Amino acid sequence: MNVRRRPSKASRSSATELSPTSESAPPKASDALPLPLYLTNAIFFTLFFSVAYYLLLRWRDKIRNSIPLHVLTFSELASIVSLMASFIYLLGFFGIDFVQSFIARASNDAWDLDDDVDNPRHRLLTCPPSIPDHLIPAVSSSEDEEIVEWVIKGTIPSYALEEELGDCKRAARIRREALQRITGRSLQGLPLDGFDYDAILKQCCEMPVGYVQIPVGIAGPLLLDGFEYIVPMATTEGCLVASTNRGFKGIYASGGATSTILRDSMTRAPVVRSSNFARLQGVRCSVAGKNLYMRFSCSTGDAMGMNMVSKGVENVLKYLQSDYPDMDVIGISGNFCSDKKPAAINWIEGRGKSVVCEAIIKEEVVKKVFKTDIATLVELNMLKNLAGSAVAGALGGFNAHASNIVSAIFIATGQDPAQNVESSHCITMMEAVNDGKDLHISVTMPSIEVGTIGGGTQLASQSACLNLLGVKGASKGLPGSNSRLLATIVAGSVLAGELSLMAAIAAGQLVKSHMKYNRSSKDVPKLHHKSEDGPSFEMN
């Protein structure tokens, strides 16, 4: 197991100090005042209380002498103007900071985050690369440049930019530039323009810095139940659309297909108290009647390696046929692999990278950040992820939602999304340690199938995401290390996702958070249905 050290605080601060934009302090709004800030404040404080006292005295005299209050002298009118001017200044000076701090606190509460836990910016710091990437400037105005510096220093949380600025695209541009400067890695190739960032706010994605492009092909028509359908397919796997389209053609020529819905119900199950680099590593054989299934295991460097291994196996089969002329090759794949299907052999023996990731979470963090306690989490994990999955007859699904994280990373980094099936095989374990004061959590994932070269990893957007993780392309020094690192990143991300979701369920926050951040009434028309014998119904 590889052990990676976290950068020390000194190295973190030095990395920030070396930022090209941190050489001088950003300008302050108070620099525009003609007098020093403390002197300006003193003048307006004195003015405010002096004219207020003067007006109170004048109004008292008017009341005693029965003089109408609306009859004003020049001095009284000047005093009222001065009072209003000083009040506006003091409100602007003190009120804005108060409102902004209140908004920031409200934003933290919505996300269940605490600024005093670890680093308030909660950002990933990486060691600067030996040869820094060429950073593409994303901001041009001096105002945006100032905000970028505030984000880097933690003055403005990155997640609050949309609310602070009121412009989602501008927020994404500023966040993107701050990210490039913090990590020292370029996001060139990850597009920013041409996307409606307002459409994803509080619905689809938080803290966006761009968008990943996925090619969409069409196949069809599919003749199903007497109707024709053109089917869109988003994929980076070559031949997938063409092969599917050929299948549609055959179905159409045969008169079409039919379908039947046996069940239609959304469910939720609560718990209640109760080859260059390809080297042959081994061959496993299984016999079924006259058929022999041979499972070859090979190392494939930084490539995911399916094509590489297939080519090598094809050559092996040709060699075997020369020794066994009566052997017929039925197919290059006999599903004993097993690719893109849930299979016990992948769960038991592994496929791709087999990774274990673990952490010990302190009791105070469980209570303060995750709003629950260790005993509740351990019990929930046993009843849900272990016992509940066993009751369901799960195969490799002894987790809360590993597939969510695996799919998201796969799509972003150009992996084959269909291999999420076996790559999401995961068992999540939790137990109390250190006399019950801390929580030990682990994820074991026996078949993470990833690569950093070939396939969709070559596309600009996906390549930029790999570059951000520091695993772009093939490792020149140690073949296969980039793909192995990516696999550990996937497992670590799954670990975090498991912990967060389990805590949300334990604390009863799952439905509330989904209703707040994952439900939109946009583009859903209001439907009115009125019955003659009953009340009207309005649906959103």
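Visitor: How do you know that E6 and strand E7 pair?
Guide: Two strands pair if DSSP finds at least two bridges between them. E6 and E7 (residues 426-433) have 2 bridges, in the parallel sense, so they count as paired. Strands here are DSSP runs (E, at least two residues), and helices are runs of H or I of at least four, numbered from the N terminus.

Visitor: What makes E5 and E6 edge strands?
Guide: E5 (353-362) and E6 (397-398) each pair on one side only. The open sheet has the order E5-E8-E7-E6, with mixed pairing.

Visitor: What is the source of these values?
Guide: The model is predicted; local features need pLDDT of at least 70, side-chain atom pairs 80 or more, while totals for chains, interfaces and linings use all residues. Residues are numbered from 1 along each chain as its sequence is written, and side-chain values use heavy atoms, without hydrogens and water.

Visitor: Why is H12 called roughly perpendicular to H14?
Guide: Helix H12 (residues 402-413) and helix H14 (residues 460-469) pack at about 115°, with axes 7 Å apart. Angles of 65 to 115 degrees count as roughly perpendicular, under 35 as roughly parallel, over 145 as roughly antiparallel, the rest as oblique. Therefore H12 is roughly perpendicular to H14.

Visitor: Which residues of H12 make the contact?
Guide: Ile411, Ala412 and Thr413 of H12 meet H14 residues including Cys465 and Leu466. Contact means heavy atoms within 4.5 Å.

Notes:
Axes fitted to C-alpha atoms, helices over the stretch in contact; angles between N-to-C directions.
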